[in-house]
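Student: Could you take a close look at the aromatic rings for me, and finish with a strand for contrast? I would like to know how the parts sit together.

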Amino acid sequence: MEQKDSQPKWEINVSTKLQKAISADQIFSLFKDFFGLNKWFSSLPTCYGIYGENGEVGCIRYCAGFSLPPESGGAAGGEAPVSWSKERLVAINPIERTLSYEIVDCNIGFKSYFSTVRIVPDEVDGQNGCVIEWFITVDPVERMRLEDLVKKYEVGLQRMAKKIEYTLASS
């Protein structure tokens, strides 16, 4: 097999701070619901388990939405095309509040994708708060620029944080 020069993987690091009244443990409990990402990620209306037990290493979720365009084709009848991915939980550490997953199949152009989410306590003036950090490593994606992909993840994470804050403040 002929060796081709490979481009370095893209590294994406985004984060957002949540209000003081929300603890890192509260936020991590939401992320442990691996099959329930759609509850918090507004551009992802569909997310459910297709293999294994929710939150157990090795389980796989199916996610579908509109945040990233599919590689080709669209939905029938001129509807917006749906992008989808199947994602496997590869590690979860409740003490460190980290969760790592990889995309095992998709129609959005990711040839390799590995992600870790970390929830970090943020002690300010004796008040609990936290920061959600999202680290992604992916091969360069055709039809996309790294800057645009970073922006999509920044906006997505900020919207998710606002929805979490609103929901937890209302309960």
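Tutor: Let's begin with a word we will need: a residue is buried if its relative accessible area is under 20%, exposed if over 50%, and partly exposed in between, using a 1.4 Å probe and protein chains only. This is a predicted model, where local features need pLDDT of at least 70 and side-chain atom pairs count only at pLDDT 80 or more, while totals for chains, interfaces and linings use all residues. Residues are numbered from 1 along each chain as its sequence is written, and side-chain values use heavy atoms, leaving out hydrogens and water.

Now the rings. Searching the whole structure gives eight aromatic pairs, meaning Phe, Tyr or Trp rings (for Trp, the six-membered one) with centres within 6.5 Å; planes under 30 degrees apart are stacked, over 60 edge-to-face, and the rest tilted. In one of these, Phe34 and Phe35 have ring centres 6.4 Å apart and planes at 50°, so this pair is tilted. Phe35 is buried, at 14% relative accessible area, and Phe34 is buried too, at 0%. Phe110 and Tyr113 make another tilted pair, with 5.1 Å between centres and 35° between planes. Both Phe110 and Tyr113 are buried. Ring pairs tie Phe34, Phe35, Tyr101, Phe110 and Tyr113 into a cluster.

A charged side chain joins the picture here. Arg61 lies over the face of Phe34, 3.8 Å from the ring centre; a charge sits over a ring when NZ of Lys or CZ of Arg is within 6 Å of the centre and within 35 degrees of the ring normal. The charged end of Arg61 also sits over the ring of Tyr101, 4.9 Å from its centre.

Seven of its nine residues are buried, so β7 is largely enclosed by the rest of the structure. Strand β1 (residues 10–18) pairs with β7 in the antiparallel sense over nine bridges, where pairing needs at least two bridges found by DSSP. Within that pairing, Ile12 stands opposite Ile136 of β7. Strand β6 (residues 113–121) is likewise antiparallel to β7, over nine bridges, and Ile119 has Ile132 of β7 as its bridge partner.

Definitions and conventions: Helices (H or I, at least four residues) and strands (E, at least two) are DSSP runs, numbered from the N terminus.
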